[in-house]
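Dear colleague,

I am handing over the structure below, and I would be glad if you could look through it alongside my notes. What I found is set out after it.

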Amino acid sequence: GAGVSQSPSNKVTEKGKDVELRCDPISGHTALYWYRQSLGQGLEFLIYFQGNSAPDKSGLPSDRFSAERTGGSVSTLTIQRTQQEDSAVYLCASSLAGTSDYNEQFFGPGTRLTVL
Amino acid sequence: AQSVAQPEDQVNVAEGNPLTVKCTYSVSGNPYLFWYVQYPNRGLQFLLKYITGDNLVKGSYGFEAEFNKSQTSFHLKKPSALVSDSALYFCAVRDRANQAGTALIFGKGTTLSVSS
C-alpha cells in the first residue's frame with residue numbers, strides 16, 4: 001500500500017498484560033514517529049527514529065514503554081504491564097527526513113488500545 | 001519551550017460561510033508550522049505547512065493559512081465552508097533552532113462543525 005499502516009486496529013487487553021503495536025511506514029521514509037492520542041491530552045509525542053541513529057525517546061511516559069525499528073522499516077511499540085491510563089489511540093507517522101526537517105508527516109490510522 | 005495553543009475547542013459555522021480556526025505558537029527560533037485534519041476514526045491528514053516566504057499558504061481542500069510573525073499566529077481559513085469540512089483540526093509547530101528535537105508539537109485540536 002501507499003500509506004502508513006498499523007496493526008491491530010483495535011486491541012483490548014487486561015491490566016498487567018504486555019501489548020505490541022506494529023507500524024509499517026511508507027517505503028523510502030527514513031523518519032518514523034509514535035504518538036499517543038487520548039481524551040484531554042491531545043497528541044503526545046512518544047518516540048522518534050531516524051535511519052540508523054539512536055532513537056529520541058524523550059516522550060516515552062515510563063520505562064514500561066519501549067520501541068524498536070528493525071531494518072530501518074517496520075517499528076514495534078511495546079507496552080509492558082499495561083495500566084488503564086495507557087488506554088488511548090496510538091498513532092504512527094513517517095516522513096522523508098534530511099537536514100531540513102520541514103517535511104510533513106504521514107500518519108497511519110492508529111491502534112485503539114483499551115486496557116480493562 | 002515550544003508550545004502551540006488552539007484557543008477554541010469548537011468552532012461552529014454555517015455552510016457557505018467563511019471559517020477560521022485559530023492557532024498561536026511559541027518557539028525560541030523561527031517555526032515550521034503545520035495544519036492537520038482528522039476525520040472520525042481516521043488518522044491525521046496533512047493540509048498545509050509554512051516553511052518560509054509568502055505568509056499566505058494554500059493547501060488541500062481549499063484551505064489556506066496566514067503566518068503572522070508579530071502575533072505568533074497561524075490561523076487556518078477557508079472562504080466557504082462545506083459540511084464535509086466537519087472534523088478535528090490540529091495545528092503543529094517545529095522549532096527550526098531545535099536540532100535535537102524533531103517531533104512536532106501539536107495543539108489540543110479544534111472541532112469544526114459545519115451546519116447545512
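Over all chains, the structure holds 15 aromatic pairs, where rings of Phe, Tyr and Trp (its six-membered ring) pair if their centres lie within 6.5 Å, and planes under 30 degrees apart count as stacked, over 60 as edge-to-face and the rest as tilted. In one of these pairs, the ring centres of A:Tyr33 and A:Tyr35 are 6.2 Å apart and the planes meet at 25°, so the pair is stacked. Both A:Tyr33 and A:Tyr35 are buried (under 20% relative accessible area, with a 1.4 Å probe and protein chains only; over 50% is exposed, and in between is partly exposed). One aromatic cluster includes these two tyrosines together with, among others, A:Phe45, A:Phe107, B:Phe34 and B:Tyr36.

Please bear in mind that this is a predicted model, in which local features need pLDDT of at least 70 and side-chain atom pairs count only at pLDDT 80 or more, while totals for chains, interfaces and linings use all residues. Residues are numbered from 1 along each chain as its sequence is written, chains are lettered from A and ligands numbered from 1 in the order in which they are written, and side-chain values use heavy atoms, with hydrogens and water left out.

As for chain A, its secondary structure comes to zero helices and 10 strands (DSSP runs, numbered from the N terminus: H or I of at least four residues for helices, E of at least two for strands). Of its 116 residues, 47% count as buried, and the C-alpha atoms fill a box of roughly 40 × 30 × 30 Å along the principal axes.
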